[in-house]
Amino acid sequence: MSHPHTPVSSRNLPPIPGPLSAEIRGQILALWPRYPSKQAVTLPALHLVQDSLRCVPNWAVEEIADILDLSPAEVHDTMSFYGFFRTEADRLGVKRLWVCRSLACSLRGADELLEKTAALLGVPVGGTTADGAITLELAECLGACEGAPACMIDDEHVHDICDMTKMTELVTRLKQSSANKH
Ligand code: FES
């Protein structure tokens, strides 16, 4: 579903303080029995950190390396091999808004929907709104082709038959819920 990310950093963001919470450290440690080696835990550990912090700060790379008995360079290599991890300066918004542009959606106006959504948010694909509420993402088929064009919030809520009226309502809702969290 994800696509190679082009870093888009336009926000002036405060640093995220470390260290990792006891909860995340515990979740990483709990992964060990399920993987053949500590090295194999690197990828899911990076996901856990990004899900929680919306990025993987450098200090978190060092902490993951420390927990897994690896060098920070090894963790960093894994992080940069995949296009979907964000640095602290380029962190994700509170919510990710995925717009599908695979065939069925494309045939039903997804390109225009994406273009107008980017204009509504004031960011390119991969970018995050200045208030930190929403990151716009490009998705491959979301499995809702019969309701094309489709979009999705984070990895869970798929919305079908998206037009700009629906998209504008969705964006307003996401921005409000993000503002309530600050
Ligand atoms: S092509 Fe968009 S949901 Fe399948």
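Reply: Happy to! Two strands pair if DSSP finds at least two bridges between them, and strands (E, at least two residues) and helices (H or I, at least four) are DSSP runs numbered from the N terminus. This is a predicted model, where local features need pLDDT of at least 70, side-chain atom pairs count only at pLDDT 80 or more, and totals for chains, interfaces and linings use all residues. Residues are numbered from 1 along each chain as its sequence is written.

Me: Which residue in β2 is the bridge partner of W98?

Reply: Start with the strands: β1 covers residues 95-100 and β2 covers residues 134-139. They run parallel, joined by six bridges. In β2, the partner of W98 is E137.

Me: Which residue in β3 does V99 stand opposite?

Reply: β3 (residues 151-153) runs antiparallel to β1, and three bridges join them. Opposite V99 stands C151.

Me: Why are the buried residues of α3 on the same side?

Reply: In α3 (residues 58-68), the buried residues are A60, V61, E63, I64 and L68. They lie on the same side of α3 because the arc they cover around the axis, taken from the directions from the helix axis to the C-beta atoms, is only 165°.

Terms used. A residue is buried if 20 or more other C-beta atoms lie within 10 Å of its own, exposed if 12 or fewer, and partly exposed in between; C-beta atoms are placed from the backbone.
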